Amino acid sequence: MKTYRNPEKKEWPAIIGRKKQGTSEQIRKTVADIIADVRTYGDAKVLEYTKSLDGYDTDAEGLKVSIEEFSTLDGDIPDDLKKAIWTAADNIRKFHVAQRPEDITVETMPGVICTQKNVPIENVGLYIPGGTAPLFSTVLMLVLPAMAAGCSRVVLCTPAGKDGKVAPVILYAAWICGITEIYKVGGAVAVAAMAYGTETIPKVDKIFGPGNAYVMEAKQQVSQDCAIDMPAGPSEVMIIADDSADPRFVCSDFLSQLEHGKDSQAILLSTSENLVKEVEKELPVQKESLSRKEIIDVSMEKSLAVLFRTEAEMVEFANFYAPEHLIIATKDCHLTAEGIRNAGSVFLGNYSTESAGDYASGTNHTLPTGGWAASCSGVNLATYMKKMTVQEITAEGLAAIGPVIEKMAMAEGLDAHAEAVRIRMGKKG
């Protein structure tokens, strides 16, 4: 693990080595072709791509998961896993239900009443990657806030295997959340189908969910016509730790992040050279027993440690990086956290492993990456809602505010606006 010591600010961008991920022309064109095909030909192209890309040959009716497929789930999932999923779901539901906002009403002047209402997005589409690691935890993270927000229709797309079956654990997670409208479509094809609708798959108002480069590119391309949750890229963790941190814990969080994918990144910030050395010694020991060590070997090449003289410098560097996940393992982690402004999700203390947020503590694991935490939030209840304003003006209110409107409208040369006030006040233009 490469270690930097007290770098100057001008060196920070190069040290991080994180650049906005550009999409290759090949990916861009492939995705554009898929979107155009699905938008123009609907189910016919969805079925064609599902066969050629996923190896699942079906008719339009076979795209939707049937009730019979849900009814046979019990024997496919161990009881202890079911219990774990229920516990995680309960925590996630509690945390997101607590986020329900209240409408506000303000009488800005007598007879002028303004209200801000919180309205759920009516139709949402969720994408859940399948393959060798079906992300059933993401089902919980995306469905439960949608249900808590009150979205009228929640549609889920996930790829099936060549046998036409969706991973049972994905179906189970959806079932316990109350979702049964699931389509066996993956990748950019699923994004296009949800964005524009087909004869079988409904058009939605906003698309949520992670995926590979093709999925991310598809979300960007359809975002001109359909809202998406957020920009996303490779997963990352930053750890701020001093000599009070346990190097074994720090190491375990490093490795748990790096196993996500070959483009993941982990960065350790510390004021303790001894801690950095201990973590370096521990990394190969813990890695040896892990099943995804080949992936970790590649992602480790991008990972690093940075030594600073003071905690204040570590906090400043963290805000500059704006990590997806930020673990703070310092003597007074709450005090350290007061300076943090840019992070997707923060984990305080030696026992707050990032794995808790990924699965079961209750916070959402769908978070901004690549520095987007400086301006974007992770998925939360508000992500599934919109603000709508309502106003009511009485005759008394118009008498008070009308001259203000009239004066401003005439100054902008919009006399029809002014006349709309005058006519109500019994005035001639």
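Helices here are DSSP runs of at least four residues and strands are runs of at least two, with both numbered from the N terminus. With that settled, here's a quick look at this predicted model.

**The cavity**

- Searching the whole structure for cavities of 30 Å³ or more turns up 1.
- The largest cavity holds about 50 Å³ of space.
- Helix H10 (247-258) and strand E12 (325-329) each put at least two residues into the lining of the largest cavity.
- H10 has the largest share of that lining, with 3 residues.

**Where H5 meets H6**

- Helix H5 (residues 79-97) and helix H6 (residues 136-149) have axes that come within 9 Å and cross at roughly 35°.
- The H5 and H6 crossing is right-handed.
- On the H5 side, the contact is made by Leu 81, Ile 85, Ala 88, Ala 89, Ile 92, Arg 93, His 96 and Val 97.
- H6 brings Phe 136, Leu 140, Met 141, Leu 144, Pro 145 and Ala 148 to the contact.
- Sorted by class, the residues of this H5 and H6 contact come out as 12 nonpolar, 1 polar and 1 charged.

**Aromatic pairs**

- How many aromatic pairs does the structure hold? The count is 7.
- One of them joins Phe 208 and Tyr 384, and this pair is stacked, with 4.1 Å centre to centre and 5° between the planes.
- Phe 208 sits in strand E7 (residues 206-208), while Tyr 384 is in the loop between helix H15 (354-359) and strand E14 (385-393).
- Phe 208 and Tyr 384 are 176 residues apart, so to speak a link between distant parts of the chain.

How values were computed
Residues numbered from 1 in each chain as written. Predicted model: local features only at pLDDT ≥ 70, side-chain atom pairs only at ≥ 80, totals over all residues. Heavy atoms only, no water. 1 Å grid on protein atoms, 1.4 Å probe; cavity = no way out; pocket = protein on both sides within 12 Å on 5 of 7 lines; lining within 4 Å. Points joined across faces, edges and corners; volume = space filled by probe spheres on them. Axes fitted to C-alpha atoms, helices over the stretch in contact; angles between N-to-C directions. Left-handed = near helix turned anticlockwise from the far one by under 90°. Contact = heavy atoms within 4.5 Å. Nonpolar A, V, L, I, M, F, W, Y, C, P; charged D, E, K, R; others polar. Phe/Tyr/Trp six-rings, centres within 6.5 Å; stacked < 30°, edge-to-face > 60°.
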